[in-house]
Amino acid sequence: MNKKSTFLSKNGFTFLLSIFLIIGYSNSLQAFSFFQDTGIPNETNYNEYKGFVVDKTDNEPLVSATVSLNGTNISTITNSEGEFLLKVPKSNASANITISFLGYKGKIVSLSTLKGSKTKIQLSASITELTEINIDPRNPEALIKAVMKKRGANYQSDNTIMTAFYRETIKRRRTYVSLSEAVVDVYKKPYASDKNDVIKLYKARKSADYKKLDTLTLKLQGGPSSTLFIDVMKNPDLLFTEDILKIYEFSFDKSTKINDRYIYVLKFKQRPYIKDLYYYGKLYIDSETLALTKAVFSLKLDDREEASKLFVRKKPTRAKVYPTVATYNMNYREKNGRWYYGYGKIDLVFKVNWKKKLFNSTYKLNIEMAVTDWKKNPENENLRPKDRLKSSVVISDEASGFSDPQFWGEYNVIEPEKSIESAIRKIKKQLRKLN
C-alpha cells in the first residue's frame, strides 16, 4: 500500500472502527427487559407521537426518513419498518412536523393528527426534470471542485452542541446477539475548522450480556466516534483527497429531489489501475447551493488480507476473519441556509472461518447515530480531556444496563424494530435455560 493511501485506508479505518474477537466464557450474566417498568410514577413534560412513513404507491416503508419538529432543532428518523417515535415538549403540542425523504415530496403534518401508533404517512415520489439547470454532463469533476470550494459557506459555521442517539447491533446469522444504545453530546466544531469534534457519553444501556451464548465474543471499538468520522465534509480526507481526480472517476446518475429541491446524483468509483482499497458510491448535491446533502459509499474489499488488517485488531489464531461488506451512509440537514450533521450509519458484515470446522460464522454489524436536537455554542464551551469519549471506546462495556429507565423518557431515540425486540425476547428465554 503506497504512502498516498495511508491515511485513507490504514490509519483512517483503524481509527474508524475495529473489532475484537475473543475466545472465552463469562460467569456474569444480566438480562433486562427492553423497556423496564419500575412502577415509579413518571411525570413527563413531553408528549410521544408515533407513526409510519411509507411510499404512497406500494405502501413500502421508507427507511431513515427524517421527521423534524417545525421551528425547532428537534428531529428523529424512521427505522427499518418505516416507524418513528418523536418526543415533543408539551408546549409544542400544536406544532407541525415535516417528513422528508430523498426522491420524495416532503410533507407537513400537524401533531394533532397523530392520534395513534398506527398512523400512516404516505409520501409521493418526485418527478424530476433538470432541463432548466445548466450543467455540463461531460465535466462531473468540476462539480466536485465546486462542492469543496463552497464548503465554508454551505456548512455549519458556529460551534454547536448536539444531542444524538446512538445504537449498535451485532447479528449472528439471523439472530441479534447484541444491542447497545447511548445518548451522547457532540461538541461540533465549524466545518472550516481543523479541530476535531469531541463526544461526551451521557448515558448508555444494553439489553443483555450474551457471552454465554457463544464461545466467540465480538466487540466493536469506535462507537459514536465512527459515525462522526464518516462526516466527509468535516473530514474531507476520507474521500476528497488532493488526489481525488487521480483516484476516482465520476459520472452523473439520474437526478432526484428532496423537499422540492433538485439534487444532482454523482457516481464515483476508483480507477481500474488503482490497486489499493478505496471507495465507490454516490454523492447527492443540492443544485442551488452545491452543498453535499448525502453520501452513500462502500469500501472495495477485493483484497481480503488487506481488508482484514484495516478492521480486525484481535482474533483467535484458529480463525480467519475478513469483512465482506463495508457500507457508509451520511446525511446532512439544512437550516437557515446552513447544512448540519444529521445522521450517520455504518453497515459491516464479517466472515469468520475456523480451521478444521465445516461451518463458518457470519456477523452483521450496524452502527447508527442520529442528531435529535442541537444548539449553538457561542462561548465555545468544551470538554475536559477526562470527560471526552475516547475513539477506542467499546460502548457495550460502558453501558450500565436499564438501571435508569426514567432517564430515557425525554430523549428522542430511533424506535426499535420489532424484529430486534422479538430476538431479545427469544434470547432471554435461552438465557433462563442456561441459569
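Ala, Val, Leu, Ile, Met, Phe, Trp, Tyr, Cys and Pro are counted as nonpolar, Asp, Glu, Lys and Arg as charged, and the others, Gly among them, as polar. The structure is a predicted model, in which local features require pLDDT of at least 70 and side-chain atom pairs count only at pLDDT 80 or more, whereas totals for chains, interfaces and linings use all residues. Residues are numbered from 1 along each chain as its sequence is written, and side-chain values use heavy atoms, with hydrogens and water left out.

The chain contains eight helices and 20 strands, taken as DSSP runs numbered from the N terminus (helices: H or I, at least four residues; strands: E, at least two). Of its 435 residues, 54% are buried; relative accessible area is under 20% for buried residues, over 50% for exposed ones and in between for partly exposed ones (1.4 Å probe, protein chains only). The accessible surface amounts to about 21,200 Å², 46% of it belonging to carbon and sulfur atoms, as computed by the Shrake-Rupley method with a 1.4 Å probe. Among contacts (heavy atoms within 4.5 Å) between residues at least 6 apart in sequence, 69% join residues at least 24 apart.

Grid points are joined across faces, edges and corners, and a volume is the space filled by probe spheres set on the points. One cavity of 30 Å³ or more is found in the whole structure. The largest cavity, with a volume of about 30 Å³, is lined by Leu239, Phe240, Ile244, Tyr248, Phe250, Phe268 and Leu283; this lining comprises seven nonpolar, no polar and no charged residues.

The largest pocket holds about 870 Å³. Its lining consists of 36 residues, with Thr66, Ser100, Asn259, Arg333 and Glu334 nearest the centre. Elements giving two or more residues to this lining include strands S13 (248-258), S18 (319-335) and S20 (361-376). By class, the pocket lining divides into 15 nonpolar, 16 polar and five charged residues.

Gly71 occupies the loop between strands S3 (66-69) and S4 (75-77). Gly71 is classed as exposed because its relative accessibility is 78%. In helix H6 (residues 304-311), by contrast, Glu306, Ala307, Ser308, Leu310 and Phe311 are buried.

How values were computed. On a 1 Å grid over the protein atoms alone, a cavity is a set of points where a 1.4 Å probe fits but cannot get out, and a pocket is an open set with protein on both sides within 12 Å along at least five of seven lines; lining residues have an atom within 4 Å of a point.
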